[in-house]
Amino acid sequence: MLQISNLSKTYPNGVQALKDVSLDISNGMFGLLGPNGAGKSSLMRTIATLQDADSGTITFNGIDVMTQKQELRKTLGYLPQEFGVYPKVSAEEMLHYIARLKGISNDSERKELVKALLEQVNLYNHRTKYLGGYSGGMKQRFGIAQALIGNPQLIIVDEPTAGLDPAERLRFNNLLSEIGENIVVILSTHIVDDVNELCNDMAIIAGGRVVQRGNPEGLLATFQNKIWSKRVAKDEVARYQTDYKLVLSKLSGGKMIIHIFSETDPGNGFAMEQATLEDIYFANIA
Ligand code: ADP
């Protein structure tokens, strides 16, 4: 269990990236959803012991993350947002290198592990290729392979599907979904569908604060029968924004569809809409 309590962080330039963030996260896939600049990476880097907070505590299975950094690192697998690779090293060589660094010194044990990892992330046939020649999706899958070395109990993946094409994204998410349910996996993303597809527990973060917390079904239940939609002209959107609690407006077949939040039937041509995670997301980050 990962317990984050009252975490705050202000950078030297005065930006307050985290404001009293508290989250209890159990085993399974946890989605941390928020727009760019919400504070996701600041939170992920702090949990990964790569930067300090100004105040607050983090504990993971009895480890005090702020003071027992080495202990936490032994049990952590981390795929950072910017995952640089050595361009002229093969995936196989690099995994051997990282495994040695993580203390797996027995040659045959390490060989077996590297082979199993390459198969798991579907890169075995590309194992001798230089990492510099990998596509974005292959790099991210390699990133997962390196994060899995050493049987981590806590895995953090920061914006892993940003920049991947749809097929690569699907392949990557399928891979993530196969990682054990008996460890904590935190997926930080601004892509609502990633959370929709993968996570059984989630939080929405905006402006450095946790603004929603729960499981997707529970959050959806609170929005049931309260989302109403209407097709409007593009130049009408601003007026609806003043008159109603506008959740989102999106183009569909060249027309504008707006969703509003209302406890009761708003009339005026609105029809009740099945609430989605996207509605909850946009209602909370505005
Ligand atoms: P996210 O990962 O959700 O995009 P970040 O944690 O990267 O959010 O950023 C949160 C806020 O903190 C942003 O306003 C960002 O510009 C700022 N920020 C992030 N890192 C630094 C830094 N090292 N120095 C100053 N400001 C930073």
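Colleague: Which strand does T189 lie in?

Modeller: In this predicted model, T189 lies in strand β8, which covers residues 184-189.

Colleague: Why does T189 count as buried?

Modeller: The relative accessibility of T189 is 1%. Buried means under 20%, so T189 at 1% counts as buried.

Colleague: What makes the pair T189 and D194 a polar contact?

Modeller: Their side chains are joined at 3.3 Å. The cut-off for a pair of N or O atoms is within 3.5 Å, so the 3.3 Å pair qualifies as a polar contact.

Colleague: Which residues is T189 in contact with, leaving aside its neighbours within four places in sequence?

Modeller: Among them are L32, L33, G34 and K40, and D194 is also in that list.

Colleague: How is the chain divided into domains?

Modeller: Domain 1 takes residues 2-214 and domain 2 takes residues 222-285. Twelve residues from domain 1 and six residues from domain 2 make the contact.

Colleague: What area do domain 1 and domain 2 bury between them?

Modeller: About 740 Å², with 77% of it on carbon and sulfur atoms. V192, I204 and Q212 supply 47% of the area that domain 1 buries against domain 2, more than any other three residues.

Colleague: How many salt bridges are there between domain 1 and domain 2?

Modeller: The count is zero. For polar contact, the count between the two domains is one residue pair.

Colleague: Which elements each supply at least two residues of the side of domain 1 that touches domain 2?

Modeller: They are α7 (192-198), β9 (201-206) and β10 (209-214). The residues of that side divide into eight nonpolar, four polar and no charged.

Technical notes:
Residues are numbered from 1 along each chain as its sequence is written. This is a predicted model: local features need pLDDT of at least 70, side-chain atom pairs count only at pLDDT 80 or more; totals for chains, interfaces and linings use all residues. Side-chain values use heavy atoms; hydrogens and water are left out. Domain bounds come from an automatic or database domain assignment. Contact means heavy atoms within 4.5 Å. Buried area is the accessible area (1.4 Å probe) that two parts lose on being put together, summed over both. A salt bridge is a side-chain nitrogen of Lys or Arg within 4 Å of a carboxyl oxygen of Asp or Glu. A polar contact is a pair of N or O atoms within 3.5 Å; within protein, one must be able to donate a hydrogen and the other to accept it, and residues adjacent in sequence count only if both atoms are side-chain atoms. Helices (H or I, at least four residues) and strands (E, at least two) are DSSP runs, numbered from the N terminus. Ala, Val, Leu, Ile, Met, Phe, Trp, Tyr, Cys and Pro count as nonpolar, Asp, Glu, Lys and Arg as charged, and the others, Gly among them, as polar. Buried means under 20% relative accessible area, exposed over 50%, partly exposed in between (1.4 Å probe, protein chains only).
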